[in-house]
Amino acid sequence: MGNTDTISKATVSRMPAYLRYLKGEAGKGVDYVSSAVIAKDMGYSAVGVRKDLAIISSLQGKPRMGFGVARLIADIEKFLGYHRWTNAVVVGAGGLGRAILSYDGFDNYGIHIVAAFDNAPSQIGAIAGKPVYPMERLKEIVTRSGVTAGVLTVPRGAAQDACDCMIAAGIRSILNFAPVYLHVPDGVTVKYEDLAVSLAGLCSE
């Protein structure tokens, strides 16, 4: 298995896409797939796919058959660390927060959304079987559940305060959907997602 310290960022960034593709093939009952077929289906170069899979595959592909899909899925998940569960929370239980809580695809990538939090009493309860707590319980739940990541889905005006609460609770990785730049200390990582910007970029291509 490869070491991510010596593997290009481009290769690492392609691994989740390979995983998504392979899980789709597994769902169709495909047992073996060649690097050439993967390259054709995903629009990658065959040489690039062969190099990527050689880095993470624990077994070589079989002539005229290719790689075992189940084994390759397991190898990629191990490479990415998806065999180790990451507990996360959602802060903001409005429309987008509810959609994220209801989405069942996180489990495929080793991410378990344990709960959501909101300041509005009307939002407290449960969504898709997951509890929604008042914000004052954030640190308690984060500590108890070993949460390291959070998704921020609050309005712009509440984003920095909510972010500060997440950091104070011990969260060090934040996926931010609020359309605002967040000020965070060293050691905290923020990834910004703006749906409007992404759609506008897509429409301009």
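A salt bridge here is a side-chain nitrogen of Lys or Arg within 4 Å of a carboxyl oxygen of Asp or Glu. The model is predicted: local features need pLDDT of at least 70, side-chain atom pairs count only at pLDDT 80 or more, and totals for chains, interfaces and linings use all residues. Residues are numbered from 1 along each chain as its sequence is written, and side-chain values use heavy atoms, with hydrogens and water left out.

View A. R144 counts as exposed, at 54% relative accessibility. E140 is partly exposed, at 37%. (Buried is under 20% relative accessible area, exposed is over 50%, and partly exposed is in between, with a 1.4 Å probe and protein chains only.) Salt bridges with shared partners join R137, E140 and R144 into one network. The structure holds six salt bridges.

**View B. E77 and K23 link two helices.** Their salt bridge spans 2.9 Å, N to O. E77 lies in α4 (residues 69–80) and K23 in α1 (residues 9–27), so the pair ties together parts 54 residues apart in sequence. (Helices are DSSP runs of H or I, at least four residues; strands are runs of E, at least two; both are numbered from the N terminus.) E77 is partly exposed at 21%, and K23 is partly exposed at 24%.

**View C. K28 pairs with E25.** The side chains meet in a salt bridge of 2.7 Å, N to O. K28 is exposed, with a relative accessible area of 60%. E25 is buried, at 10%.

**View D. The largest nonpolar core has 25 residues.** Such a core is a set of buried Ala, Val, Leu, Ile, Met, Phe, Trp, Tyr and Cys residues joined through side-chain atoms within 4.5 Å. V91, F117, L138, L152 and I174 have the most contacts inside it. β3 (86–91), β4, α6 (138–145) and α7 (156–169) each give two or more residues. α7 gives the most, with six. Apart from this core lies another, of 21 residues, among them Y18, I38, V49 and F67.

**View E. Q123 sits in the loop between β4 (111–118) and β5 (125–127).** Q123 is buried, with a relative accessible area of 19%. Leaving aside neighbours within four places in sequence, Q123 is in contact (heavy atoms within 4.5 Å) with A93, G94, R98, D118 and V132.
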